[in-house]
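Student: Hi! I'm new to this one, so please walk me through it.

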Amino acid sequence: MPHSHHSHSGQFCKHAKGLLEDVVLEAIRQGFEIYGLTEHVPRYRAEDLYPEEEGLTPNFLMKQFHQFLDEAHRLKALYAPKITLLIGLETEFITDTDLDHLDLLLRKVGGRVEYIVGSIHHVSGVPIDFDLATYRKSQHSLGPFNSEQEAQESFLCAYFDAQYELLLRFHPEIIGHLDLCRLYEPQLQFSNYSLAWKKIERNIVYAIKYGALFEVNAAAFRKHWDSPYPARDVIEFVLKKGGRFALSDDSHGPHAVGLNYHRLAGYLRETGVTELWYLQKADTLNTGGRTIQPVRLVGNWWDHGFWRGRSV
């Protein structure tokens, strides 16, 4: 039963730790049946590299991503008797160039990328999840503004417009940490920003229409949230519209595999989630042109001993 659709390793991501194989071995040790390996797609401009990537180049990132695919598929075959590994990627959308290159990359690698975690990490070209200073810079990057309310509304609208463009173009199977835009302000209520909320509703309805799963991402607990991503207001709207949820630990190394999963169970029950879904290989193409489909978990998932888990 245990599954996760979103993970990273220090081998292929500078802000993570450990080898990809060690991530897989930890997932096996914990009893995961399905585990998704989803390193970040390459970035294509030197100015988009993070401080910890000093000395690297976009060409290096591209080579590294292909090395990830090679290693992930090696592990998939090696450990097939013990675990089902799904091989995907997590998106980046900094400028339109990223989406154009992603399209080319997907055409080149074909079925070696089995699914997509659709995530937004930048607004106006500025990272929103690196540190508080760059988050604040991004919040005010579209100004000038007459008020903080106006700046926040503009920031949120830009985030959800970027997310929508990503959904329209690639139909990602997993909607990654949908409300990452309030990472440093988890108390922020979208209902206070009517224009942004309309865009959230638009995105959710569209994702449901083409068959996406909404990631319930335990990594928010590591970021000092009292809930996973997405928070309750988003969960409730997805439920209202008939959307479906899948689990992710968004681990950044073996130490974070399955971390805080036991906290997910209580949260999901409190918010009224009665079904969980996971991805599985299929014989037919989905709306994104990939051979993978969502499958509903059967049985009382909340009674599984796996939920005892580990805390931060």
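Student: Does Asn260 count as buried or exposed?
Tutor: Asn260 counts as buried, at 0% relative accessibility. Buried means under 20% relative accessible area, exposed over 50%, and partly exposed in between, using a 1.4 Å probe and protein chains only. This is a predicted model, where local features need pLDDT of at least 70 and side-chain atom pairs count only at pLDDT 80 or more, while totals for chains, interfaces and linings use all residues. Residues are numbered from 1 along each chain as its sequence is written, and side-chain values use heavy atoms, leaving out hydrogens and water.

Student: Where does Asn260 lie?
Tutor: In the loop between β11 (251-252) and α9. Helices (H or I, at least four residues) and strands (E, at least two) are DSSP runs, numbered from the N terminus. Asn260 also has a positive phi, near 70°, though it is not a glycine. Most residues other than glycine have a negative phi.

Student: Okay, and what is the phi of Ser124 near?
Tutor: Near 55°, again positive in a residue other than glycine. Ser124 is in the loop between β6 and β7 (126-127), and with a relative accessible area of 43% it is partly exposed.

Student: Switching topic: how many aromatic pairs does a search of the whole structure find?
Tutor: It finds 14. Rings of Phe, Tyr and Trp (its six-membered ring) pair if their centres lie within 6.5 Å; planes under 30 degrees apart are stacked, over 60 edge-to-face, and the rest tilted. One of the pairs is Phe32 with Tyr261, edge-to-face at 5.7 Å centre to centre and 65° between the planes.

Student: What about Tyr164 and Tyr206, what sort of pair do they form?
Tutor: An edge-to-face one, with 5.7 Å between centres and 80° between planes. Tyr164 is in helix α5 (residues 148-170) and Tyr206 in helix α6 (residues 194-210), 42 residues apart. Tyr164 is partly exposed, at 22% relative accessibility.

Student: Which residue lies over the face of Tyr164?
Tutor: Arg202, at 4.0 Å from the ring centre. A charge sits over a ring if NZ of Lys or CZ of Arg is within 6 Å of the ring centre and within 35 degrees of the ring normal. Likewise, Arg244 lies over the face of Trp277, at 4.5 Å from the ring centre.

Student: Now His121: buried or exposed?
Tutor: His121 is buried, with a relative accessible area of 3%. It is in the loop between β5 (115-118) and β6 (122-123).

Student: Which residue's side chain does His121 join through a polar contact?
Tutor: Glu92, at 3.1 Å. A polar contact is a pair of N or O atoms within 3.5 Å; within protein, one must be able to donate a hydrogen and the other to accept it, and residues adjacent in sequence count only if both atoms are side-chain atoms.

Student: Last one: which peptide bonds are cis?
Tutor: The bond from Gly143 to Pro144 is cis, with omega near 10°, and so is the one joining Tyr229 and Pro230, with omega about -10°. Pro144 is in the loop between α4 (132-139) and α5, while Pro230 is found in the loop between α7 (219-222) and α8 (232-240).
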